Amino acid sequence: MAAIGSFARVTGHAEGRPEDIPGFEDLWRAVSPDTAFAAMGTGTYRKMTGPVTPYIVDCVAKVLSEHGVRAAEVDRLVLATSDGVLGLLGRDVAVDVMRAAGLTACVPAIVSLQQCCSSIEALRYAWGLAGAGARNVVLVALDFTPDDRDRVKSFAVFGDAVAGCLISPDHAGLTLAGTGVAADFSGMVGEDTFATRQSVARAALGQAYGQAGRAPEDVAKIFTSSLFAPIATFNAMAAGHARGKLYFQEPMTRYGHCGNADWLINLMDYDHKTGLEPGALYLAQASAPGFFACALLEAST
């Protein structure tokens, strides 16, 4: 049986404060005119200072180094990114990353078109590759925002980051117990309501819990999208989650919302501070306009 482990992250090197973005007050007023920014719970964000490829290569190297896996031993490389970043990567991104990282014996793939939920779909895909015989599958989730003026949204301040993990039968780690993804077209076109957001969340969660044969009360912690605290609380209520089980606040305050890399960053942060409990069940989830995705992860005993 494969396991998920060797987590790594590489955030943007430069640290910025939202308030220092030129025209920040006007940008915030345009997206959220009746809300005080101070109540959102964010502090700083990270910004990439150069092309994204070296960040991806750095993340891959960190993923492989934990267990001493050689680059030539990687069978598959799975990249995941949000829709808006997909067009920024360039047609040669796979070749550039593989050449720089020494991944000369692997097959690349990219998963997108599900916004910030893309990496959870990529996790399901990567897990399936390992189950079909791939020995070492590297999953890398990335998101970045080239123009600072585009970072300020009504639901988050965007940061830049790459996060990844290794899926392999040769090392201990987390087991993928179940996954779920659901779409709501009204959300994709900006016409969703509380009822539709609740419906899409519960549909995806129902898939994951059904596959795992587990229940919501079995979950020890939830690693969710790093959105503004009031938005995350609202989404938790819609999905039927206890607010106290969410883990996102501290990383969000430091790094901002790093798109589809959020749940990986939050899981790593929690593991570093608290540690994953052997045998415990964790929920990784992401939400985006029109989408909700989740994955149940069980820690090895």
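The crossing of helices H7 and H8 is right-handed. A crossing is called right-handed if the near helix is turned clockwise from the far one by less than a right angle, and left-handed if anticlockwise. The contact residues of H7 with H8 divide into 7 nonpolar, 1 polar and 2 charged. Here Ala, Val, Leu, Ile, Met, Phe, Trp, Tyr, Cys and Pro count as nonpolar, Asp, Glu, Lys and Arg as charged, and the others, Gly among them, as polar.

This is a predicted model, in which local features need pLDDT of at least 70 and side-chain atom pairs count only at pLDDT 80 or more, while totals for chains, interfaces and linings use all residues. Residues are numbered from 1 along each chain as its sequence is written, and side-chain values use heavy atoms, with hydrogens and water left out.

H7 covers residues 194-212 and H8 covers residues 229-239. Helices (H or I, at least four residues) and strands (E, at least two) are DSSP runs, numbered from the N terminus. H7 and H8 pack at an angle of about 65 degrees, with their axes 8 Å apart. Axes are lines fitted to C-alpha atoms, for helices over the stretch in contact, and angles run from 0 to 180 degrees between N-to-C directions. The two helices are therefore roughly perpendicular to each other. Angles of 65 to 115 degrees count as roughly perpendicular, under 35 as roughly parallel, over 145 as roughly antiparallel, and the rest as oblique. On the H7 side, the contact uses Phe194, Arg197, Gln198, Ala201, Arg202 and Leu205. On the H8 side, Phe234, Met237, Ala238 and Ala239 meet them. Contact means heavy atoms within 4.5 Å. An α-helix has 3.6 residues a turn, so residues three or four places apart point the same way.

Now turn to a second pair. Helix H2 (residues 52-65) packs against helix H4 (residues 93-101) at an angle of about 45 degrees, and their axes lie 9 Å apart. H2 and H4 are therefore oblique to each other. Their crossing is right-handed. Thr53, Ile56, Val57 and Val60 in H2 meet Asp96, Val97, Ala100 and Ala101 in H4. These contact residues divide into 6 nonpolar, 1 polar and 1 charged.

Valine 60 sits in H2. Its relative accessibility is 1%, so valine 60 counts as buried. Buried means under 20% relative accessible area, exposed over 50%, and partly exposed in between (1.4 Å probe, protein chains only). Not counting residues up to four places away in sequence, valine 60 touches Leu77, Ala101, Leu103, Val138 and Val140. The C-alpha atoms of valine 60 and alanine 163 are separated by 8.8 Å, although the two residues are 103 apart along the chain. What is the exposure of alanine 61? With a relative accessible area of 43%, alanine 61 is partly exposed. Alanine 61 also belongs to H2. Its C-alpha atom is 12 Å from that of leucine 139, 78 residues apart along the chain.

Follow the chain past H2. Glutamate 66 lies in the loop between H2 and strand E4 (76-81). Leaving aside neighbours within four places in sequence, glutamate 66 is in contact with Ser6 and Phe7. Its C-alpha atom is 9.1 Å from that of alanine 8, 58 residues apart along the chain. Serine 6 is found in strand E1 (residues 3-11). Serine 6 is buried, with a relative accessible area of 4%. It is not a glycine, yet serine 6 has a positive phi of about 50 degrees.

Leucine 113 is another non-glycine residue with a positive phi, near 70 degrees. Leucine 113 is found in the loop between strand E5 (107-111) and helix H5 (118-131). With a relative accessible area of 58%, leucine 113 is exposed.

How far apart are the end C-alpha atoms of H10? They are 17 Å apart, which agrees with the 16 Å that the 12 residues 262-273 should span at 1.5 Å a residue. The expected span is 1.5 Å times one less than the number of residues. H10 is mostly covered, with 9 of its 12 residues buried. Among them are Asp262, Trp263 and Leu264. Just after H10, glycine 275 takes a positive phi of about 90 degrees.

Alanine 284 is found in strand E11 (residues 281-288). At 0% relative accessibility, alanine 284 counts as buried. Its contacts, not counting residues up to four places away in sequence, include Ile120, Phe223 and Trp263. Alanine 284 and aspartate 262 are 9.5 Å apart, C-alpha to C-alpha, and 22 residues apart in sequence.
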